[in-house]
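Reader: I want to learn how to read a fold from its coordinates. Where do we begin?

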Amino acid sequence: QVQLVESGGGLVQAGGSLRLSCAAAGRTFSGNAMGWFRQAPGKGREFVAYISWSGGRIYYADSVKDRFTISRDNAKNTVYLQMNNLKPEDTAVYYCNGDPDKNTGRGRWSWGQGTQVTVSS
């Protein structure tokens with residue numbers, strides 16, 4: 001089983017940037033696509049971004065397209081989410097997971113604790 005550890009969240013003003021990281025313990029991401037999700041207060045978990053194992057296929061939720069960038073370093077077993085031009089509606093707990101399903105909001109492994117992102121207006 002993979003233990004996912006997200007970090008890098010914080011409080012930022014609208015228009016600011018943050019870089020989230022997701023590391024795995026227990027096994028590598030070897031062969032797995034990875035993704036980011038988020039859950040705002042009172043809402044369900046929603047898909048944010050997807051990256052294939054090789055990094056050759058990437059796609060985003062429409063709400064973050066052109067502002068967020070997903071990347072991965074397989075040697076470090078880490079996935080990143082660079083978030084620019086943040087908006088108050090981006091406020092949520094952010095999670096990573098393997099083999100993300102953008103339609104169901106599910107991933108392959110148990111969820112980590114996530115990292116809180118708060119954007120003030």
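Author: We begin with a definition. The radius of gyration is taken over C-alpha atoms, and the globule rule is 2.2 Å times the number of residues to the power 0.38. This is a predicted model: local features need pLDDT of at least 70, side-chain atom pairs count only at pLDDT 80 or more, and totals for chains, interfaces and linings use all residues. Residues are numbered from 1 along each chain as its sequence is written, and side-chain values use heavy atoms, without hydrogens and water.

Reader: What radius of gyration does the protein have, and what would a compact globule have?

Author: The protein has 13 Å. A compact globule with 121 residues would be near 14 Å, so the two agree. The C-alpha trace spans about 40 × 25 × 25 Å along its principal axes.

Reader: How many helices and strands does the protein have?

Author: Helices (H or I, at least four residues) and strands (E, at least two) are DSSP runs, numbered from the N terminus. Here there are zero helices and ten strands.

Reader: Is W109 buried or exposed?

Author: Buried means under 20% relative accessible area, exposed over 50%, partly exposed in between (1.4 Å probe, protein chains only). W109 has 9%, so W109 is buried. Buried residues make up 45% of the 121 residues.

Reader: Where does W109 lie, and which residues does W109 touch?

Author: W109 sits in the loop between strand 9 (92–98) and strand 10 (115–120). Contact means heavy atoms within 4.5 Å. Leaving out residues up to four places away in sequence, W109 touches residues including Q1, V2, L4, F29 and M34.
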